Amino acid sequence: MMKLLGGITLILAIAVAFYIYIPLPRTISEPWKLMLLDATFRGVVMMGDVAHALGLSHRVHVINSAIVNFESLIPIPNQEIQIEDILFDEVHVRVYQPPGKDGKLRRAVMFIHGGGWALCAPKLGSYDSLCRQMAADLDAVVVTVDYRMAPDVHFPVQYDECVRAAKHFLRPEVLEKYSVDPERVAVCGDSAGGNLAAAVAQHIGTDNSSTVKFKLQVLVYPVLQALDFNTASYQQNHNVPILYRRLMVRFWLEYLGADLDLVHSLMMNNHTAQEQNLMSLIHSKLDWPTLLPKRVIKNYKPVFPVTGSPGILKDIPALLDARAAPLLAEDKVLHMVPRAYIMTGEHDVLRDDGMMYARRLELAGVSVTNEHYEDGFHGCVSVAFWPCYFSVGIRAVQNYIAWLDKHL
C-alpha cells in the first residue's frame, strides 16, 4: 500500500512539475517565481475557457473574478492617504490625496490601469498599492480611472471614458478644488493602460479646447499597435510569460469587439499581407527594422505573407485607428504630446511597441527617456507588491516614480 501511495505521489509530483516548468531565458528576473505565477494564471485562464465553453459565464468574467478575489487579499499600504470615489463627467474615478494641506499647490498624476482593456481592479491590490505609493512618494494627487471594460463594452468606450475623465480633471476649477498646480500634471498607464494614456496624451495635446495640458506622460510596457504581431520582440518572446502572443491577440480582439476565431490569422499577420497595400503605412509608422536598435533586432526578419485575409481590416477598421493604436498617429500629432518616459522589458512581446514609439516621438521632436530592463517581463510592475515582490518590479516602480519626482 505504501509503495502504491509513493508511486502515486511521485507521478503527481512529476505532473505538477511538468505543468509548472517552462523554459525561460536565462536573463529573466527570478525565473522559478515567474513559473509559479504563470502556472497559476494559466490555470485561471483554462477555468475561464472551460466555463465559457460550457455556457456558464464569459471567460473574461471568470478570469477577472479570480483576479479581484486575489487582489482583495493584498494588504493596504500607506493608509494615511485619503481616498475619494467620485464621478468625473460620469466616469468612475478614485482620487488619492496625501494628508495635510499647507496651502501650496501639489503635483498630480492621472493613472490608467492595464489588463488588456478587460481585466483587473484599479481600486484593489497592486494598482491601489501603486497609486498610494505614488501619492505618498510624490506628495501628489493621484487619480485612477475605473473605465468600463470588455466584454461588457468595446472600443472606443474605454478610450472615450479616459479622455472624458482627463478633460474633466484638467479643468481649472477641478484642479483648484484639489489644490493641483496646472503646470505639473502627468498621465501614466501600464500595458493597455499605457495604450490609453498615450492615446489620451495625443488627444489632449491636439485639443485646442483644453487650456491645461499634461506636462509628462509615463508609458509602462505599452501596447501600441495591432498591425504586426511578428516584430522582433513578438518573435523572440511569443512563449514568454505572462503575456503570450496568442493572449495579446485575444485581448485585441476582445477590445475591438471582433471574432476570436481570428486569433491565428492575426498571429500570422494575414490582416497585413502584402496584397493589402499597407506597406507604405507600415514603413512610415512601424518599420521596426529601421526604428529599433540593432541589438534587439538580432537576426529576426519581418513577416508579411504575400496573400492573406483581406476581409479582416474591413471587418475591424479600428485596427487602423490611431485612437486604438497610438503608434499609427501622424508625426504632427506626435509633435504635440508631452515629454515621455517609456519603460520596456527585454522579455516582453510589447518591447518593440514601446521602443518604436520612443523613436518616433524623438523624430517628432519630443524628449523621451526609454528605461529598458534586460531582466524585465510583461506585468513586472504589478508584481512588485505582496506576495510576489519581484525585484525587477520593485526597481521599475522606484525608478519611474523617481523620474516623475525629478521632472514633474
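1. Helix α4 passes α17 in a right-handed crossing (right-handed if the near helix is turned clockwise from the far one by less than a right angle, left-handed if anticlockwise). Helices here are DSSP runs of H or I with at least four residues, numbered from the N terminus. The side of α4 (residues 125-138) that touches α17 uses L130, Q133, M134, D137 and L138, while α17 brings V397, Y400, I401, L404 and D405; contact means heavy atoms within 4.5 Å.

2. By class, that contact has seven nonpolar, one polar and two charged residues. Ala, Val, Leu, Ile, Met, Phe, Trp, Tyr, Cys and Pro count as nonpolar, Asp, Glu, Lys and Arg as charged, and the others, Gly among them, as polar.

3. A word on provenance: this is a predicted model, where local features need pLDDT of at least 70 and side-chain atom pairs count only at pLDDT 80 or more, while totals for chains, interfaces and linings use all residues. Residues are numbered from 1 along each chain as its sequence is written, and side-chain values use heavy atoms, leaving out hydrogens and water.

4. Now α7: 13 of its 15 residues are buried, so this helix is largely enclosed by the rest of the structure. Buried means under 20% relative accessible area, exposed over 50%, partly exposed in between (1.4 Å probe, protein chains only).

5. F304 sits in the loop between α13 (294-297) and α14 (311-315), and counts as buried because its relative accessibility is 16%. Beyond its neighbours within four places in sequence, F304 has contacts including L227, D228 and M279.

Technical notes
Helix = DSSP H or I, 4+ residues; strand = E, 2+ residues; numbered from the N terminus.
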